[in-house]
Amino acid sequence: MYTEVTNVWESKAKTPEEAKSLQLRAQMMIVLRQVICDRGWNQKEAAINLGISQPRVSYITNGQVSKFAVDKLLGLLMKAGYNFDISLKDGVPQFETTVAA
């Protein structure tokens with residue numbers, strides 16, 4: 001007998017909030033991994049450009065979600081040229097993401 005899960009992170013998390021955090025971190029790591037690939041960086045170059053150690057780059061490229069907090073990943077994305085704006089419009093959060101050219 002199997003348990004049906006709609007979100008793979010639900011099976012790893014103790015709470016729905018933790019599952020959402022894991023999912024968000026995984027998505028952010030996918031973007032970072034794509035940035036590293038698109039820019040043709042090896043792990044050493046990525047480490048220098050992102051201001052982290054080479055083992056931390058390895059954690060990103062290997063999808064080790066538990067090794068990073070959301071705020072650290074957000075900072076790495078900003079170092080990679082992503083800008084984030086969050087505002088409220090009629091009480092509803094509005095998110096805008098841009099990438100520096």
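How many helices and strands does the secondary structure of the protein chain come to? In this predicted model, where local features need pLDDT of at least 70, side-chain atom pairs count only at pLDDT 80 or more, and totals for chains, interfaces and linings use all residues, there are 4 helices and 2 strands. Residues are numbered from 1 along each chain as its sequence is written, and side-chain values use heavy atoms, with hydrogens and water left out.

**View A. Order of elements in the protein chain.** From the N terminus, the elements follow the order α-α-α-α-β-β, where helices (H or I, at least four residues) and strands (E, at least two) are DSSP runs numbered from that terminus.

**View B. The aromatic pair of Tyr 82 and Phe 84.** Searching the whole structure gives 1 aromatic pair (ring centres of Phe, Tyr or the six-membered ring of Trp within 6.5 Å). Tyr 82 is buried at 18% relative accessible area, whereas Phe 84, at 31%, is partly exposed; buried means under 20%, exposed over 50% and partly exposed in between, with a 1.4 Å probe and protein chains only.

**View C. Charged side chains over aromatic rings.** Arg 56 lies over the face of Phe 68, 4.0 Å from the ring centre, while the charged end of Lys 67 sits over the ring of Tyr 59, at 4.9 Å from its centre. Such a placement requires NZ of Lys or CZ of Arg within 6 Å of the ring centre and within 35 degrees of the ring normal.

Terms used. Phe/Tyr/Trp six-rings, centres within 6.5 Å; stacked < 30°, edge-to-face > 60°.
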